[in-house]
Amino acid sequence: MTALPKRAPVVSAHCAALCAAGAAPIRAGEPGYSTKLDRDRDGIGGKCPPGRSVVRRTVMAGWRHAHTLDSALQNQRTITLACDGPAVIVRFDGQTVVVTGAAHGFGRAISLAFAVRGARVWACDVNEAGLRETEALAVQEGASLQVRTVDVSNRRAVQALVQEASGGERVDVLVNNAGGVLGQVGRPVEEISQDDWHALFRVNVDGAFYFSQAVAPIMKARGAGRIVNISSGAGVGVSLTGVQAYASAKAAQIGLTRQLAHELGAWGITVNSVAPGFVRSNPTTERQWESYGEDGQRRLIENIALKRLGSPEDIAHAVLFFASEYAGWVTGQVLSVDGGK
Ligand SMILES: NC(=O)c1ccc[n+]([C@@H]2O[C@H](COP(=O)([O-])OP(=O)(O)OC[C@H]3O[C@@H](n4cnc5c(N)ncnc54)[C@H](O)[C@@H]3O)[C@@H](O)[C@H]2O)c1
């Protein structure tokens, strides 16, 4: 068994004291977890290299651990402070951003990432309770967002949401994130029903198509816009889930990305795709993770160049890039955000 390489630890006295006192790290989704990030150029313990910043996670009662939770390192009960690179300020003040599938996982992280950076976010999903949680988290972060229950496979509902969000005037960024395997698991191809096959296309492809169709005239009229589709490693290779319709739908969504980039570029609209690797972001991926067993989990991490699983925030950061002014001359691209091979 190969030993997992340790990251160069940047552990502050503050964090070390908390760890020594046995304070447990808080994982995404657990009570008290907050995605609020605060930047402190000197680091809490003053240990960060100059020009880098420390990420501190806040909880309601004040400061807690200042670290990223890394499942590989967690197994070794090692906790590090995160130096998250040069502090690049990206803001979206005054911009209207629509995010689909925002009740959970990536969509929630993406919605919050835009909301705390000043955007007017319209977060939609079919899961109303989850949307309310996303809304509450935004308030905790000192931000706000609008939530709406919308089925992305309902073209009329999509048109109505875009009309409401845009006021007929502006949608700056559309993030087509709703999707996934909808609880399906890998089965032999001859056992797949027509309904199961089409269900995954409806949410992963039709939804992205209907939303893109709805925002296109508004973005064209303004001569600007960003569309970011969340595809998957499954769309560029073989899916770990074994679900044929999922791999096919994500590949189709990437085709849509390239074609729309070509068509809409003349109006200053970029269309790109983020292709995440496996991230434990919801009950389905938790079950998938459990099904691998200890050896399978270790092998999966060993096969990732950066030797850790990703987080919903890792995916949100790639979306922020495509939506930002730094990606002004990038379109039709698929960015794998998977820790590397
Ligand atoms: N988690 C991963 O490992 C992983 C890897 C690669 C790609 N992805 C993709 O990332 C996206 C988000 O995945 P996640 O892991 O955060 O999953 P998730 O299940 O937490 O989020 C998907 C969201 O889409 C919503 N949704 C489903 N059908 C919908 C519909 N018809 N209309 C509106 N909303 C609907 C769900 O309610 C859910 O909130 C998906 O497109 C998924 O395929 C995930």
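View 1. Helices (H or I, at least four residues) and strands (E, at least two) are DSSP runs, numbered from the N terminus. The model is predicted: local features need pLDDT of at least 70, side-chain atom pairs count only at pLDDT 80 or more, and totals for chains, interfaces and linings use all residues. Residues are numbered from 1 along each chain as its sequence is written.

**View 2. Helix α5 has a buried side**. Val158, Leu161, Val162, Ala165 and Ser166 are buried (20 or more other C-beta atoms within 10 Å of the residue's own). They lie on the same side of α5 because they cover an arc of only 115° around the axis, taken from the directions from the helix axis to the C-beta atoms. On the other side, Arg156 and Gln163 are exposed (12 or fewer such atoms). Just after α5, Gly167 takes a positive phi of about 60°.

**View 3. Strand β8 (residues 173–176) is covered on both faces**. Val173 and Val175 are buried on one side, Leu174 and Asn176 on the other. β8 pairs with β5 in the parallel sense over three bridges. Pairing requires at least two bridges found by DSSP. Val175 is the bridge partner of Val99. β8 also pairs with β9 (residues 225–230) in the parallel sense, over four bridges. There, Val228 is the bridge partner of Val175.
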